[in-house]
Amino acid sequence: MESALESVQTFHIQIISVVVSVLLIAGIVELIRRGKLREEYSLIWFAAALVFVYFSIWRHHMEVLAQRMGIAYAPALLILLTIFFGSVWLIHFSVVVSRLTDENKRLAQELAILGTRVRDLTPPPEE
Amino acid sequence: MTDRVLIIIPAHNEETALPGVIADVRAHQPDADIVVVDDASMDDTARTAERLGVGVLRLPLNLGIGGAVQTGFRFAREMNYDYALQVDGDGQHPAAAIGDLLERLRAGDADVAIGSRFLAGAGFQSTFLRRLGIGVFRVLSRVTTGRSVTDSTSGFRAYNAAAIHFLADTYPSDYPEVEAVISLSHNRFRIVEVPVEMRERQGGRSSITVGRSAYYMIKVMLASLISILKPTRRRSL
């Protein structure tokens, strides 16, 4: 059984977790509002923040879930999930960067071709 | 002769070698159009080319050899050229052999003609390490496509309109030569090799340094193996 002191500490940690999660959501909303983050890339951050809030409030659910999955030490589940979703997110970014690289290349090539054709139409003045 | 030929010269900091290369090409192919793709050079490559009166495609950022050559293919496609030839800006490719490559394509039994330094058995045969790498690629292309190309790293190539259309969309970015051969072969383009005597580079530096060789080998092998898994997308004209 938890002592009175321990349950007060747990409660404090819960409050801190919820506050941090809410700040995360607020920060993401602000980034979108200022046009620094596109909505399609913000979804996963909202999802992560909500999961964070959920397990902050109902923290024993994490233990129940870990037990069901046969994981003895509940925080290990948290680390496992973090690594898994982190990896998926990084792969997603690699795909995005690859696409941007390709689009960038196409633009540079089109610009080079257009530049030549424009110079043919209106040659720069002689030096 | 009514067909139109575009000579694509990719150049990155090649202002020293460029005038010789262009003069050489002009002497042997007076009817062909020449376009220099300036891959964001730091030196006077673009202006040197302009002074010589050839077309210049100025890339605003450095794309590497693959991206530069592909710019030439896209230009050739847009301008409806019948044949395109890649001649490197460093002077290794002998312009005297351009006619041999074009003849093979004009005969109509090939889409791509590659100048091979090994079929000739004479001239500059490259360094030992590079020949070793080329040997590995020869095995690789035989395994992946069932065909053997003796000099798959040669950039001295001629393409017909069908191949130009294909490569304008699909030409690989860096270290493109081997992967392009395998990809063309996989898409049932007819490839022939023509013996050519290569020279040593006349200026500039190779894009392949010793330090990058390992990366080069692994990247090319991976890209080549994956390229045969891609769906074929040969277009008809």
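Let me begin with strand S1 of chain B, which is mostly covered, since 7 of its 7 residues are buried, where buried means that 20 or more other C-beta atoms, placed from the backbone, lie within 10 Å of the residue's own. Strands here are DSSP runs of E with at least two residues, and helices are runs of H or I with at least four, numbered from the N terminus. Please keep in mind that this is a predicted model, in which local features need pLDDT of at least 70, side-chain atom pairs count only at pLDDT 80 or more, and totals for chains, interfaces and linings use all residues. Residues are numbered from 1 along each chain as its sequence is written, while chains are lettered from A and ligands numbered from 1 in the order in which they are written.

Both faces of S1(B) are covered, with Val5(B), Ile7(B), Ile9(B) and Ala11(B) buried on one side and Leu6(B), Ile8(B) and Pro10(B) buried on the other.

What does S1(B) pair with over 6 bridges? Residues 5-11 of chain B, strand S1, pair in the parallel sense with strand S2, residues 33-38, pairing being counted if DSSP finds at least two bridges between the strands; the bridge partner of Ile8(B) in S2(B) is Val35(B). S1(B) also pairs with S4(B), again in the parallel sense, over 4 bridges, and there Leu6(B) stands opposite Ala84(B).

Turning to the whole sheet, we have an open arrangement of 7 strands in chain B, ordered S3-S2-S1-S4-S6-S5-S7, with mixed pairing. Strands S3 (55-58) and S7 (191-195) of chain B stand at the edges with a single partner strand each, so one side of each is left without a neighbour in the sheet.

Methods
A residue is buried if 20 or more other C-beta atoms lie within 10 Å of its own, exposed if 12 or fewer, and partly exposed in between; C-beta atoms are placed from the backbone.
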